[in-house]
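Work through the exercises below with the coordinates open. Each task is followed by a stepwise solution.

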Amino acid sequence: MSGPKTRRQSAMAAAKAAGVEEHAHADEVTANGNGNGKPAAPLPVELADKLPRENIFLFWPNIIGYSRIILAVASLYYMPLHPRTCSLLYSISCLLDALDGYAARYFDQSTRFGAVLDMVTDRCTTACLLVFLSSAFPRWAIIFQGLISLDLASHYMHMYATLAMGGSGESHKNVDKSRSWILNLYYTNRTVLFVFCALNELFFIALYLLSFSSPFLSPGLLKQVPPTDAAAINQGAQVNSSLLRQIFTNPYSAGALELARANKMDSFWPWVIAGVSFPVMAAKQFINIVQLVKASRWLAEGDLAARRESALLKKNKTA
């Protein structure tokens with residue numbers, strides 16, 4: 001970076017010039033997968049007063065995170081009947097996941113709140129898509145339910161184990177090689193992390209598109225509703241001419257249903273995308289299993305150490 005980009009960085013630069021360099025990064029934390037430090041001792045009162053007050057909720061990475069949530073909710077709104085619109089909004093929301101990490105590094109705005117917001121958004125959006133796939137492919141519902149459970153359980157266990165065993169300032173992405181080289185590679189290599197997350201989501205998007213396609217696109221799928229039938233469907237329907245309704249059309253209206261039916265797509269490209277991304281998706285689920293097992297063992301090690309310490313204290317008291 002050629003120069004300070006935020007008020008915080010400007011104040012830190014001024015503090016460094018005043019001879020307080022040792023406190024310049026007192027509040028740096030490992031978050032958003034971008035930092036490497038741990039929280040330092042609190043700043044002295046006289047130095048804290050020199051730094052501008054900051055609103056963590058308005059940091060650029062977190063604003064990007066809010067945008068991801070808005071796009072994800074919009075994609076869910078269109079998910080039942082509008083695959084193209086839904087896929088576009090959902091994909092943009094997922095791609096912004098990489099942008100918020102870049103913004104956190106660029107503006108030096110890595111925060112614990114941002115890291116948790118990022119993880120929660122990822123888990124919720126994927127879970128919502130898998131819920132839809134469970135209803136679209138009921139025969140495979142138990143598989144999608146298992147994937148949701150594995151994703152939530154592995155990440156919760158990993159996050160909790162990191163906080164409980166590594167300390168409140170430890171990032172869940174700081175995994176030592178001695179504990180798991182797979183998790184170390186997955187979390188520390190940004191390219192690996194991006195490819196695995198992107199192709200994992202791409203596989204589920206492909207399945208979502210397949211639920212709107214057929215093996216062979218039949219001309220019967222594109223058959224228009226006869227005018228008499230259309231008139232019967234819309235008979236007595238009142239037209240909402242408000243500006244809001246024109247911007248956000250009702251996806252469940254008779255016209256929207258007919259449009260969705262006519263928008264049936266060929267299954268060739270969804271099958272290609274699913275085939276290419278499936279190995280990476282499967283590897284991602286294996287990593288989730290490894291993450292769950294390693295976190296469970298780490299917590300068990302802590303429990304054993306605590307029980308031994310407790311037994312030793314009891315023995316000393318009775319001695």
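## Exercise 1: The nonpolar cores

In this predicted model, the largest nonpolar core has 29 residues, and those with the most contacts inside it are Leu129, Leu130, Leu133, Phe204, Leu207 and Tyr208.

**Task.** Find which helix gives the most to this core, and list what Phe204 touches.

**Solution.** 
1. Start with the contributors. H3, H4, H5, H6, H8 and helix H12 (268-318) each supply at least two residues of the core.
2. H8 gives the most, with eight residues.
3. Now take Phe204. Leaving out residues up to four places away in sequence, Phe204 touches Thr126, Leu129, Leu130, Leu133, Leu147, Met281 and Gln285.
4. Look for another core. A second, separate one has nine residues, including Tyr187, Leu193, Ile287 and Val290.
5. In soluble globular proteins, nonpolar side chains tend to be buried together.

## Exercise 2: An aromatic pair

**Task.** Classify the ring pair Phe132 and Tyr208 from the distance of the centres and the angle of the planes.

**Solution.** 
1. Count first. The structure holds 14 aromatic pairs.
2. Take the geometry. The ring centres of Phe132 and Tyr208 are 5.3 Å apart, and the planes stand at 65°.
3. Apply the cut-offs. Centres must lie within 6.5 Å, and planes over 60 degrees apart count as edge-to-face. The Phe132 and Tyr208 pair is therefore edge-to-face.
4. Locate the partners. Phe132 lies in helix H5 and Tyr208 in helix H8 (residues 190-210), so the pair ties together parts that are 76 residues apart in sequence.
5. Check burial. The threshold is under 20% relative accessible area. Phe132 has 16%, so Phe132 is buried. Tyr208 has 2%, so Tyr208 is buried.
6. Trp60, Tyr102, Tyr106 and Phe107 form one aromatic cluster.

## Exercise 3: Salt bridges around Arg68

**Task.** Which residues are linked with Arg68 in a network of salt bridges?

**Solution.** 
1. Side chains of opposite charge can pair when their charged atoms come close.
2. Get the total. The model has five salt bridges.
3. Take Arg68 with Asp97. Their closest N and O atoms are 3.4 Å apart. Arg68 sits in helix H3 (residues 60-78) and Asp97 in helix H4 (residues 83-106), 29 residues apart. Arg68 and Asp97 are buried.
4. Take Arg68 with Asp118. Their salt bridge has an N to O distance of 3.0 Å.
5. Arg68, Asp97, Asp118 and Asp122 are linked.
6. Gly65 has a relative accessible area of 6%, so Gly65 is buried.

## Exercise 4: Arg123 and Asp151

**Task.** Are Arg123 and Asp151 buried or exposed, and which helices does their salt bridge tie together?

**Solution.** 
1. Take the distance. The closest N and O atoms of Arg123 and Asp151 are 2.8 Å apart.
2. The limit for a salt bridge is 4 Å. The pair forms a salt bridge.
3. Locate both ends. Arg123 lies in helix H5 and Asp151 in helix H6 (residues 141-166), so parts 28 residues apart in sequence are tied together.
4. Check burial. Arg123 is buried at 13% relative accessible area. Asp151 counts as buried at 8%.

Methods:
Residues are numbered from 1 along each chain as its sequence is written. This is a predicted model: local features need pLDDT of at least 70, side-chain atom pairs count only at pLDDT 80 or more; totals for chains, interfaces and linings use all residues. Side-chain values use heavy atoms; hydrogens and water are left out. A salt bridge is a side-chain nitrogen of Lys or Arg within 4 Å of a carboxyl oxygen of Asp or Glu. Helices (H or I, at least four residues) and strands (E, at least two) are DSSP runs, numbered from the N terminus. Buried means under 20% relative accessible area, exposed over 50%, partly exposed in between (1.4 Å probe, protein chains only). Rings of Phe, Tyr and Trp (its six-membered ring) pair if their centres lie within 6.5 Å; planes under 30 degrees apart count as stacked, over 60 as edge-to-face and the rest as tilted. A nonpolar core is a set of buried Ala, Val, Leu, Ile, Met, Phe, Trp, Tyr and Cys residues joined through side-chain atoms within 4.5 Å. Contact means heavy atoms within 4.5 Å.
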